[in-house]
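Me: I have a chain to go through before setting anything up. Can you take a look with me?

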Amino acid sequence: MKESKSKPLIEELSNENQPQRTSRKAEQGREHKQQTELEQAMEEICDPLIPVRGHALITMCRLIKQRDPEAMSKQTTLLKIFQENLAHFDSYLYLSAVNGLVAMADLFPDEVIPCLVQEFKGRTMQTDSDKSERSQKVSADGRHSAETRMKVGECLVQTSRNLSK
C-alpha cells in the first residue's frame, strides 16, 4: 500500500491577504462592552423574551452577591425589580427573583425583611400610586396574591435560614 501525503480536511486561510473588515455588528459589540454589567442587565430586564429577562435577574443577583458598588448604590431599584418579577407566572423569572430577594436580604436585612413581611401580609411599602395599581391587580385575581404570598414566604424561609447560620 502506498503512503499518500494526506491533506487536512480543513485548510486554514491566511488572514494576511484579506483586507480587514469590521462589521457594524462588531462595532456595536465594542460599544456594548463599554456598558457595565448592571447597565446591560437593566436593559435586558425590559426585553420581551423571558430567557433574556431571567438572565438579567441572575446577573443582578450575582452582582449583589459580589457586592458590586454600582449594584449596591441602586439597591432600591433592584429591590423593586425583584419584587415585580416575583409575581410573574414563569418559574424561570420568579425563582430568579426569589434568589435576588434572598441575596438582598442577606446584605440588607433591615431594609429588605420589612418589605418582604409587608408583602407577605398582603400590603406593600410603596407609593400611593403603586398601591392603587397593585390593589387593582390583586383584587382582580385573588389566586395571584396567594401565589405571590407563597413566593414571598419562600424568600422569608430562605432568608431566615441564611441569617441563622
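Predicted model: local features only at pLDDT ≥ 70, side-chain atom pairs only at ≥ 80, totals over all residues.

Me: Cys61, then: buried or exposed?
Reply: Cys61 is buried, because its relative accessibility is 7% and the cut-off for buried is under 20%.

Me: And Cys115, buried or exposed?
Reply: Cys115 has 14% relative accessibility, so it also counts as buried.

Me: Which residues of H5 does H7 meet, and where does Cys115 come in?
Reply: Cys115 is in H7, and together with Glu111, Val112 and Glu119 it meets Gln75, Leu79 and Gln83 of H5.

Me: What is the geometry of that pair?
Reply: Two packed helices are described by the angle between their axes and the distance between the axes. For H5 (residues 75-86) and H7 (residues 109-121), the axes come within 12 Å and cross at roughly 30°. H5 is therefore roughly parallel to H7, since angles under 35 degrees count that way.

Me: Left-handed or right-handed crossing?
Reply: Right-handed, as H5 passes H7.

Me: Switching topic. How many helices and strands does the chain have?
Reply: Nine helices and zero strands.

Me: What share of the chain is buried?
Reply: Of the 165 residues, 29% are buried.

Me: Last one: what share of the contacts with a separation of 6 or more comes from residues 24 or more positions apart?
Reply: Those residues account for 61% of such contacts in the chain.

Note on methods: Residues numbered from 1 in each chain as written. Heavy atoms only, no water. Helix = DSSP H or I, 4+ residues; strand = E, 2+ residues; numbered from the N terminus. Buried < 20%, exposed > 50% of the residue type's maximum accessible area, 1.4 Å probe, protein only. Contact = heavy atoms within 4.5 Å. Axes fitted to C-alpha atoms, helices over the stretch in contact; angles between N-to-C directions. Parallel < 35°, antiparallel > 145°, perpendicular 65-115°, else oblique. Left-handed = near helix turned anticlockwise from the far one by under 90°.
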